[in-house]
Amino acid sequence: MSRLISPGFPGQRLEERMKTQVRPTLQETAGLRSDSRLKVLRTVTPHFARTGLRGTTVSMLANAAGIPESILYARFGSKERLFREAVETSIDTRVRLLEARTLSANYGSETIALERIAEATVTVCVDDAGSSVLTSWALLEDHDYAADLYRNEIGSVEFVWNRALAERFGDSPSHRILSIHLIPHAVRASLAYGFWLAALRHDASGAAAMAEGFVAGIGQTAAALLSKRGRYEYGRALPRDSIRKDD
């Protein structure tokens, strides 16, 4: 993939100079090994989240991580690779947070379950540990790469939703209806809403308050679908004529 930064961008010129520097000393390498890779990623993530890939310099990241620029470059190869790894780590964190919240929750019905899972999906997007702002920057500045990651996140979140329902309500006709006719759309809408709230810098409590009407709408849609369960057969709508007879 071609570099997205123009040849005259200061950050790129810095990295080009770094490529010509001597190899790190043994002392620097020892320092590199003692630093946790994950700790470095967590340290630089807020900087990328504030100014994106292009607006964040290597010196800013190295200073934040408390290591020399040469060590940062030796560890991650380039600013772009560090940014991409930070994006992937934030996505993985969001999915794990969502899994933890759905596994520990009790739901009285499929409708309530979908409301609570949708709320959890929205709020993990604004969690500092899984900053979705980073993915938003990636979609703007490294789109071809980030688009695939975002599609994978959608698939992972959809799997979490379906597994949470299956574990509590089994492979029921209701679950099959919801998994086909609602969950794929609700997952995309919940992630998009969560990304938007994160871009507006809402915290978890603020996002939960903002999402009340949104998740209620998902619950109402689920209830409407399930109230017409007789019109479905293993997730497929019955012929249109039979539906009109019931109306």
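This is a predicted model: local features need pLDDT of at least 70, side-chain atom pairs count only at pLDDT 80 or more; totals for chains, interfaces and linings use all residues.
Local features need pLDDT of at least 70, side-chain atom pairs count only at pLDDT 80 or more, and totals for chains, interfaces and linings use all residues. Residues are numbered from 1 along each chain as its sequence is written, and side-chain values use heavy atoms, without hydrogens and water.

**Overall**

The protein chain has 14 helices and two strands (DSSP runs: H or I of at least four residues, E of at least two, numbered from the N terminus). Of its 247 residues, 43% are buried (under 20% relative accessible area; exposed is over 50%, partly exposed in between; 1.4 Å probe, protein chains only).

The structure holds four aromatic pairs (ring centres of Phe, Tyr and Trp, the last by its six-membered ring, within 6.5 Å; planes under 30 degrees apart are stacked, over 60 edge-to-face, the rest tilted). Tyr193 and Phe214 form a stacked pair, 4.8 Å centre to centre with 20° between the planes. The pair links distant parts of the chain: Tyr193 lies in helix α11 and Phe214 in helix α13 (residues 212-227), 21 residues apart. Trp196 is found in helix α11 (residues 183-199).

| Residue | Relative accessibility | Class |
|---|---|---|
| Tyr193 | 18% | buried |
| Trp196 | 44% | partly exposed |
| Phe214 | 22% | partly exposed |

**Helix α9**

Helix α9 (residues 143-169) has 27 residues and should span 39 Å at 1.5 Å a residue (1.5 Å times one less than the number of residues). Its end C-alpha atoms are 38 Å apart, which agrees. Just after α9, Gly170 takes a positive phi of about 70°.
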